[in-house]
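Thanks for coming. I have one model to walk through today, so please look at the screen while I talk.

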Amino acid sequence: MALADLTVSVPVLAKARRKKLNQRKKTIVVFLFACLLLLGITVGGILAAETAVTADLSQKYITPSLQHLFGTDQLGRDMLARVVKGLSTSILIGLGAASCSAVLAILLGSAAALLGEKVDAAITWLIDLMLGIPHIVLLILISYALGKGFWGVTVGVALTHWPSLSRVIRGEILQLKETQYVKTARKLGQSSWRIAVKHMLPAVFPQFLVGLILLFPHAILHEAGITFLGFGLPPEQPAIGVILAESMKYLSVGMWWLAFFPGAALIGVVALFDLAGGSLRRLIDPHSAQE
Amino acid sequence: MKRNRLLNFVGKQAAKLIILIVVISMVAFFLVAVSPIDPVQMNTGQAAYANMSLEKRAQLEEYWGVNTPVVEKYTNWAKDIIHGDWGTSLRFNQPVLSVIAERFTNSLLLMIVAWLFSGVFGLLLGIAAGVYRGKLVDKIIKGYALTLASTPTFWLGLLMLMIFAVWLSWFPFGFSTPIGVSAAEATLGQRLYHLILPALTLSIIGVANIALHTREKVIDIMESDFYLFALARGESRGEALRHHCLRNLLLPAMTLQFASISEIFGGSVLVEQVFSYPGLGQAAVSAGIGGDAALLVAIAIISACFVFCGNLIANILYGVVDPRIRRGHGLG
Amino acid sequence: MTCLTKKHILEIENLSVSFLQYDKGMRQRSLQVITNLSVSVHEGEIVAVVGASGSGKSLLAHAVLGLLPANADVSGTLRFEGKPLTAASIAALRGKGITLVPQSIAYLDPLLKAGKAVRKNKRDAGARKKQRELFAHFQLDPATENLYPFELSGGMARRVLLAAALMDDPRLIIADEPTPGLDLELAKKALADFRAFADQGNGVLLITHDIELALSVADRIAVFYAGTTVEEAPVIDFEAETTLRHPYTKALWRALPENGFAALPGNQPYVKAMPKGCPFGPRCSLFSPSCEGEIPLKTIRCGTVRCIKATGSVEV
Amino acid sequence: MMLEAKDIVFGYEKRRPILDGFCLSAGQEERVALVALSGVGKTTLCQLLAGYLAPWSGQITLNQKPLPQKGYCPVQMIWQHPEKSVDPYLRMKDTLAEGRGLDPAVLEGLGIESDWLNRFPGELSGGEIQRFCIARALGGETKFIIADEISTMLDPIAQSQIWNFLLEEVQRRKIGLIFVSHSEALTKRIATRKVTLAE
């Protein structure tokens with residue numbers, strides 16, 4: 001570095017804070033680590049499906065030990081296996097529902113921005129309406145309409161999470177439409193289709209991708225919440241919400257591990273998604289190049 | 001002129017609210033009507049339902065309105081509501097309005113406490129984190145907020161119950177009044193005592209969002225041209241922050257906090273369930289499980305109105321506080 | 001005319017600014033945007049630094065005031081009224097000795113009324129009186145102090161910004177592109193205000209891309225090219241090509257619409273691909289291999305130049 | 001072929017026109033300078049003339065016909081801020097391809113270096129990008145160029161480079177030029193006619 005060996009004759013007036021580890025490299029590592037871990041949990045859950053529902057009444061109420069890291073429940077089922085299976089279910093439902101939601105978001109958001117004022121007004125109104133009812137109430141209604149269970153929760157989460165992302169995408173496209181370069185492209189005779197592909201897609205796609213990943217944690221938390229309330233996955237399935245709802249009965253007798261580990265593990269998964277989304281944003285966003 | 005504008009504004013908002021109520025009631029009715037869940041079966045239990053005589057079953061189906069077509073049900077409901085009759089909650093066997101009135105006061109108390117607490121603390125933590133960006137304080141606050149943002153509300157509730165009610169026995173194990181004491185007889189002290197844990201749970205979760213948001217805003221301000229100009233004119237960092245930060249922060253923070261009413265409501269549903277706190281959220285859950293259409297619809301409407309009012313207050317306050325709106329274009 | 005008899009207010013010697021950045025890959029590199037820049041301002045003088053936009057000259061103002069972001073490296077010798085400056089003494093001078101007139105209204109807090117902004121939130125009678133005097137001096141209506149920035153017109157905003165700068169009786173104003181967005185009339189008025197300030201024995205460092213404007217108001221011009229000042233000359237030297245010192249300045253002169261509008265081929269070098277030695281070397285007709293070495297600053301006829309070929313004689 | 005503006009009324013806020021009854025008529029061999037005080041909306045006027053904005057009333061015609069809404073517009077505008085008028089996600093050669101495409105004579109005339117073609121706008125200076133914008137606007141069907149302070153942000157050398165090229169090109173191809181500049185010297189040098197906008 002040319003400035004490192006400055007002599008006394010040229011005083012240094014300000015010195016940049018240098019970071020030891022390259023931030024960009026660190027971000028990539030974090031992103032990959034989060035993705036791998038999530039993949040591991042998902043696969044692990046599928047493998048642990050059998051153990052998670054196997055009851056062994058001789059092994060009831062065991063506090064966490066080396067043999068059962070997370071302890072066992074009232075039927076002697078291994079809580080570790082149940083938690084991993086539950087997380088895996090949550091991740092799959094979260095992925096499915098959030099992806100559907102994101103597709104809805106991009107369809108409605110771009111329709112609002114591109115198909116004229118009337119469509120825009122209708123979709124904006126719908127967005128406001130959806131945001132006007134608390135998520136949970138809407139989830140309860142949708143889940144009830146679909147007879148609760150797997151479909152209730154998946155469709156519910158998919159139908160309730162698109163509005164905010166949709167609004168972002170709409171805003172982004174409207175802004176792009178007003179840029180001088182898009183207006184100029186139009187005057188140069190470029191077709192709407194080419195403008196959409198060449199100018200809009202590359203600008204909207206990163207936003208969409210990050211928005212999608214940041215939808216996962218929301219979807220997962222809502223899935224767990226609604227299941228906890230009794231509107232989601234059925235009680236026989238080892239979902240985090242089910243496990244926690246069951247644990248309530250044993251709380252007053254001090255079986256803390258039934259509630260503690262499943263919840264903490266859920267936080268871990270949600271935080272991993274947040275981490276992945278956040279680091280992806282930092283990788284894509286050109287403004288963070290100087291950080 | 002000014003009066004006219006005010007009337008215009010009130011009229012517009014009222015029309016918006018009425019349309020909102022109509023649409024939500026229709027959607028809610030439709031959703032309840034298409035459900036495959038049989039309310040009779042849900043409310044009598046498996047065994048009783050199987051042993052029931054056909055006449056009895058028909059009578060109950062009549063009572064729950066299972067066979068009435070949805071349009072007819074809706075028009076009946078709409079006619080009644082114009083006369084101020086919200087129908088009867090079949091689950092609680094009481095007029096919907098009285099169920100809601102009682103539950104809503106409980107919930108409101110809970111939500112207001114949590115809302116104020118999370119707003120004030122969120123703002124303070126956010127400012128601290130933003131001002132000391134990159135320092136230890138920032139890292140701790142950021143870590144705290146990010147962890148909480150990923151924490152399921154109900155799990156935190158369970159944890160609080162476990163620690164403060166079971167292990168330490170500092171607080172009661174749920175409900176809004178001591179066991180055996182009705183709401184009417186309970187003293188204010190007793191009610192507040194029962195309120196602390198659920199309100200705390202809700203606040204702790206609520207802090208995360210506003211703190212993170214405020215932090216971003218503080219950083220934005222510290223990178224703004226006007227902050228730079230303040231420094232260039234010799235104001236110290238502290239002065240520049242005092243002069244330019246709070247004012248520019250309060251507006252977005254206020255909007256965010258009012259917009260978060262929807263989330264606080266959602267959180268209260270879960271927290272009430274955990275703490276067996278007899279609020280609106282808990283009523284929504286049991287109405288949903290029991291197929292209590294009238295109550296479910298009413299709760300959907302009330303919650304939407306609640307959120308609507310929050311946004312409206314935010315808009316009005318914005319108009320009062322922000323000179324660009326106050327002196328520029330006025331309300332609406 | 002005798003040279004440099006007046007007292008210096010600000011001297012900048014060998015100022016360098018570089019930023020720590022990430023390339024497309026993952027390497028951290030430092031990007032040199034200002035190299036060995038030297039310029040000085042005397043009492044009663046307006047000195048204009050002219051250069052193309054994006055050439056890094058707006059960083060000059062922030063560098064002198066010590067307001068660059070944390071990823072900047074700054075080095076060089078700054079002297080204010082003869083005393084060398086350190087990072088700490090710069091901070092103490094901000095607003096008192098040196099002040100900034102920014103380029104636009106975006107530098108005013110959108111939620112603060114003009115009067116309060118000018119007073120820096122002070123409420124005491126003294127500050128209030130001073131602010132009102134300044135407003136009166138700039139022919140701003142007294143009601144202006146209760147207006148928010150969004151309510152100010154372009155001309156009003158400019159005068160408010162100037163009043164803000166003068167609030168603490170500075171010795172030196174650094175004006176960063178104070179005229180874009182203003183038409184010629186308003187721009188001339190703005191510059192007349194700077195002239196009046198300088199005539200009281202103060203200094204103005206005017207940073208601008210507009211050479212026409214600079215020539216009409218400044219006493220001396222510093223020409224900025226690819227991150228450095230290649231020549232600093234009294235404005236009178238710009239009346240003819242022959243009195244100028246640096247080949248770039250001469251080319252600049254020839255390119256002016258009133259002097260022939262002649263285009264010199266080539267472009268300013270890219271910051272990531274600076275030539276060795278003289279940055280103008282690749283476009284210079286006088287180029288020789290010795291231009292790739294170190295180029296010292298020469299003083300010739302009351303001006304300075306960074307060119308090894310420059311001589312004291314006036315070519316005809 | 002004439003570019004004509006008749007009784008143009010336009011504004012951004014209701015009932016507050018910033019242009020009221022503006023008229024202009026320019027031929028293909030003219031170089032018209034628009035001169036006005038700031039705040040009169042020269043950029044707005046440029047956008048109206050190039051068909052980017054529709055006037056409240058009055059009309060802009062080329063050869064007695066309104067400007068085409070679709071396809072290549074024979075009236076092309078060059079903006080004041082080059083970095084805003086190119087897509088930051090596109091390489092310069094792709095931006096260029098939208099208009100005239102790669103014409104070595106134009107690239108050379110404008111001093112565009114070949115390695116700039118593969119760069120993104122963020123890797124070029126404003127003056128360098130502006131050359132691409134000029135090249136882009138000089139398509140074969142261009143009949144009029146509207147130039148809105150295109151050299152304001154450039155140093156005099158770059159300014160003379162691009163103007164010398166542009167002037168030669170419009171004279172050779174008989175392209176009408178309408179331009180805005182606050183520089184008196186530049187206006188005097190280029191314009192064949194001066195149109196002053198009153199407030």
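First, the ground rules. This is a predicted model, in which local features need pLDDT of at least 70 and side-chain atom pairs count only at pLDDT 80 or more, while totals for chains, interfaces and linings use all residues. Residues are numbered from 1 along each chain as its sequence is written, chains are lettered from A and ligands numbered from 1 in the order in which they are written, and side-chain values use heavy atoms, with hydrogens and water left out.

Now the chain contacts. Contact here means heavy atoms within 4.5 Å. Five pairs of chains touch, and the pair A and B has the most contacts. Chain A puts in 38 residues and chain B 43 residues. About 3,500 Å² is buried between chain A and chain B, with 82% of that from carbon and sulfur atoms; buried area is the accessible area (1.4 Å probe) that two parts lose on being put together, summed over both. Across this interface there are zero salt bridges, a salt bridge being a side-chain nitrogen of Lys or Arg within 4 Å of a carboxyl oxygen of Asp or Glu. On the side of chain A that touches chain B, the elements giving two or more residues include helix H4 (117-132) and helix H11 (257-284) of chain A. Helices (H or I, at least four residues) and strands (E, at least two) are DSSP runs, numbered from the N terminus. H11(A) gives the largest share of that side, nine residues. Chain B and chain D, by contrast, do not touch, and their nearest C-alpha atoms are 11 Å apart.

Next, chain B. How many of the eight residues of helix H10 (residues 225-232) of chain B are buried? Seven are, so the helix is largely enclosed by the rest of the structure. Buried means under 20% relative accessible area, exposed over 50%, and partly exposed in between (1.4 Å probe, protein chains only). Among the buried residues are B:Phe226, B:Tyr227 and B:Phe229. Their cover includes helix H9 (188-222) and helix H11 (237-259) of chain B, and helix H1 (58-64) of chain C. Just after H10(B), B:Gly234 has a positive phi of about 90 degrees.

On to chain D. An open sheet of five strands runs in the order S6-S7-S8-S3-S9 (chain D), with parallel pairing; two strands pair if DSSP finds at least two bridges between them. Strands S6 (75-78) and S9 (193-196) of chain D are at the edges with a single partner strand each, so one side of each has no neighbour in the sheet. From one strand to the next the twist averages 20 degrees. Helix H5 (residues 156-173) of chain D packs on the sheet, and its direction makes about 150 degrees with that of S8(D). Axes are lines fitted to C-alpha atoms, for helices over the stretch in contact, and angles run from 0 to 180 degrees between N-to-C directions.

C:Arg171 pairs with C:Glu81, with closest N and O atoms 2.7 Å apart. These two residues sit in loops and are 90 residues apart. C:Glu81 is partly exposed, at 31% relative accessibility. In chain D, D:Asp115 and D:Arg119 meet at 3.0 Å, N to O. D:Asp115 is partly exposed at 42%, whereas D:Arg119 is buried at 13%. That is my last item.
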